[in-house]
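Welcome to the tour! Open your viewer, and let's go from stop to stop together.

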Amino acid sequence: MNTENTTQPVIEARQLDLTFQTNDGPIHALKDVNLSVGKGEFVSFIGPSGCGKTTFLRCIAALETPTGGSLTVNGMTPDEARRNRAYGYVFQAAGLYPWRTIAKNIKLPLEIMGYSSAEQDERVKKVLELVDLEGFEGKFPWQLSGGMQQRASIARALAFDADILLMDEPFGALDEIVRDHLNEQLLALWARTEKTIGFVTHSIPEAVYLSTKIVVMSPRPGRITDVIDSPLPKERPLDIRDTPEFIEVAHRVREGLRAGHGDDV
Amino acid sequence: MKQIVAVLTVLAAIVIVWYAACIPMNIKGVLTEQERAGAEVQPPSAKDRRDMDEIGLALNNAFAIPATWEQERPRLPAPHQVAIEMWETTVQKKITSKRSLIYHGWVTLSATMLGFVIGTGLGILLAVGIVHSRVMDLSVMPWAIVSQTIPIIALAPMIIVVLYSVGVQGIIPKAIISAYLSFFPVVVGMVKGLRSPDAMQLDLLRTYNASRSQGFWKLRLPASMPYLFTSLKIGVAASLVGAIVGELPTGAVAGLGARLLAGSYYGQTVQIWSALFAAAILAACLVGLLGLIERTVLKRMGMAQ
């Protein structure tokens, strides 16, 4: 189904291992993680807390350094990829600067990367339209709702030309209705921009609805228990969640999560 | 409206307590004066009066109570005496006069401002160093704390003597004492402010591959602004104390500190109290002005609503 997979993978992990040294002894956060993500894929990482899904995303972003195995991003080491500004990162909290307007917040990475001011204006306009926030450029973050703030932070991650978008539970703090709406918008955005997306979540419906590939993880040590290539079509209205295919994938994810927990409880 | 009523109530209470306190404080002196003027005083002998408590004396000689608020050199001057003295030495004196409180206030204020600018600049520089260098964090911070445990009244004469011996005098020594007191709150506040961005904010800049200086100018410095203004308000009040203390040991001829000192030499309590109030009003104005600047700046930055 995925013809892109024949080309070089965008993210590739082999036997990836990460152990944190803490005062209470070493913590095995990731163990033998093998994963290959092709260009334009939407990959969700799902699992209970402590399963290493966020840690894995942070490894891809070079915010953590693995202690073993290999990891490449765009064929480079994660740190080289970071220096080349290969990805945009969206955190669980919007993290907008309260002293900057929405437009100025989106310009932050552009200023740091040295874009001209005309180019900055043009890009702000483009990404605000992508996340459906036209007309809010002059507002300060506190004047926006939580969902709008998170959209602004996605716009900020899209403003420069990274072809990978890493999202760490970006909608985790939002209510169900806002989350549904943002999920729909995110799919539209993904279809338009053709970016590769890595998405951490602990919601099964969210993972199944969004992804072309679902990575089920389990804790102690953090590892991958199942990788599901979604049979769902690329075009996904919200009511696809009532179809048998959707329910079947969701069931498999739930089984994977249960299996991961089995040797633990 | 409610606030004004509350403030006026507190003010009225203070004034009443103050007037009441004048009676026992001044009654002995008043009775001695009255006796000399030929009035009947109970008990008549000064020796007996010395052993009596002041409240009993006041009750025995109720006729003398109004005079406790009108003495030439009271132990505790009444509020209106201080107010009149302040009026006479500000509005009714030319500001070039050596008896003008505005003139003395200006002398102190100029040293305060110079000291405040030096102290704030030094404080910010030290804070930037402490935040960016672990060595400075470990080496400078303890000294900054120790520096504030030395009583300034003990240190001030040394600073003045040492600077005088190398030919520095006038406003500079006062400003240095003033800076010595004001840099500390700025260091503490700015260190906290510059460290206020959380791990996520720092990670975000890392994903942009931002340099340290970009992180400083775009994130740490703006984030520290609310902390800076809080420190500045404490710092400016400390600066004023420093400038006044700096005027005491030199026997300076001008400044609010000199005014306090001269007043105590000649037993001019009214003059001391009016200098004290002038200092308090000056401090209130400086803090108020900084508050105004704070609101304007934070509002323009979008950090205040």
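**Stop one: a phenylalanine and its neighbours**

Select A:Phe45 and show what it contacts (heavy atoms within 4.5 Å). Leaving out residues up to four places away in sequence, A:Phe45 touches A:Leu35, A:Lys53, A:Phe56, A:Leu57, A:Gly198, A:Phe199, A:Val200, A:Thr201, A:Val215 and A:Met217.

This is a predicted model, where local features need pLDDT of at least 70 and side-chain atom pairs count only at pLDDT 80 or more, while totals for chains, interfaces and linings use all residues. Residues are numbered from 1 along each chain as its sequence is written, chains are lettered from A and ligands numbered from 1 in the order written, and side-chain values use heavy atoms, without hydrogens and water.

**Stop two: the cores**

A nonpolar core is a set of buried (under 20% relative accessible area, 1.4 Å probe, protein chains only) Ala, Val, Leu, Ile, Met, Phe, Trp, Tyr and Cys residues joined through side-chain atoms within 4.5 Å. The largest has 135 residues, and A:Phe45 is among those with the most contacts inside it. Helix 10 (residues 212–247) of chain B gives the most to this core, with 11 residues.

**Stop three: a hairpin**

Now select strands 8 (213–218) and 9 (223–229) of chain A, which run antiparallel and are joined by six bridges. Strands here are DSSP E runs of at least two residues, and helices H or I runs of at least four, numbered from the N terminus. Between the two strands lie four residues, and A:Arg220 has a positive phi near 50°.

Conventions:
Pairing = 2+ DSSP bridges. Buried < 20%, exposed > 50% of the residue type's maximum accessible area, 1.4 Å probe, protein only.
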